[in-house]
Amino acid sequence: YKYDALIKIGEIGATEVPGHAHADSFNTLVYDNKGPVFIDPGVSTYNNNLTRQNERSSSYHNNVTYHFKNSSEIWSSFRVGKQCSVDIISDDINFVHAVHNGYSLYGHKLSRKWYFNKNQLVIEDEVNSKKNIPFYQHWILAPDRAFKLSNNKLFINNILISFDSKKIEVIFDEINIPVDYNRYEKTTRFSIKFYGSLMTKINFL
């Protein structure tokens with residue numbers, strides 16, 4: 001394999017101290033032989049401010065959101081309300097399938113499938129909803145990585161990433177991520193807007 005991946009399909013945090021948890025269900029970290037490609041930024045502060053809210057949010061992790069909303073209810077510095085529940089459908093060496101209800105209050109259920117091939121990671125996101133509304137797949141790029149975006153294809157060093165859906169738009173913005181407590185550096189967040197389902201193929205060339 002030319003890559004390693006770490007995925008989050010458990011509960012959002014320890015039952016005894018859920019306040020330390022993030023709304024990061026289905027978070028997917030990706031590494032190649034040069035190091036991190038897509039990362040979990042972590043936290044820089046425990047103060048009750050916008051920075052901590054962002055760092056705990058779903059859109060600061062490599063997963064899918066409904067209108068950038070959180071899949072689990074978080075607020076203040078250490079507060080958690082309704083927690084996302086995950087059902088693991090399949091958990092094999094080369095294939096994982098899980099479903100979560102983090103957006104059930106809005107009438108949506110999210111499915112993610114991971115296919116671990118030798119030189120390719122395939123991720124299939126599917127939204128079970130009666131409404132034709134956009135969802136966003138997010139990726140937080142490691143800050144030392146350069147990228148090129150062309151025709152909805154993403155090139156990162158020797159990695160080619162393609163996105164396949166009936167209607168998509170690849171958006172990116174610059175965000176601050178922690179270096180240490182109250183110290184930051186900038187990196188790129190990709191947000192792929194899609195409807196219904198999205199197939200993501202990460203090819204390691």
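This is a predicted model: local features need pLDDT of at least 70, side-chain atom pairs count only at pLDDT 80 or more; totals for chains, interfaces and linings use all residues.

Biologist: What describes a pair of aromatic rings?

Modeller: Such a pair is described by the distance of the centres and the angle of the planes.

Biologist: How many aromatic pairs does the count give here?

Modeller: The count comes to 14 aromatic pairs. One of them joins Tyr 3 and Phe 204, with ring centres 4.7 Å apart. Their planes meet at 10 degrees, so this pair is stacked; the cut-off for stacking is under 30 degrees.

Biologist: Where in the chain do Tyr 3 and Phe 204 lie?

Modeller: Tyr 3 belongs to strand S1 (residues 3-7), whereas Phe 204 belongs to strand S17 (residues 197-204). The two are 201 residues apart, and the pair thus links distant parts of the chain.

Biologist: Is Tyr 3 buried or exposed?

Modeller: Tyr 3 has a relative accessible area of 5%, so the residue is buried. Phe 204 also counts as buried, at 5% relative accessibility.

Biologist: Why is the pair of Phe 38 and Trp 139 described as tilted?

Modeller: The ring centres of Phe 38 and Trp 139 are 4.7 Å apart and the planes are at 40 degrees, so the pair is tilted. This pair, too, links distant parts of the chain: Phe 38 is in strand S3 (residues 35-38) and Trp 139 in strand S11 (residues 134-140), 101 residues apart. Phe 38 counts as buried at 1% relative accessibility, and Trp 139 counts as buried at 2%.

Biologist: Which residues do ring pairs link into a cluster?

Modeller: Tyr 66, Tyr 103, Tyr 106 and Phe 135 are linked into a cluster by ring pairs.

Note on methods: Residues are numbered from 1 along each chain as its sequence is written. Side-chain values use heavy atoms; hydrogens and water are left out. Rings of Phe, Tyr and Trp (its six-membered ring) pair if their centres lie within 6.5 Å; planes under 30 degrees apart count as stacked, over 60 as edge-to-face and the rest as tilted. Helices (H or I, at least four residues) and strands (E, at least two) are DSSP runs, numbered from the N terminus. Buried means under 20% relative accessible area, exposed over 50%, partly exposed in between (1.4 Å probe, protein chains only).
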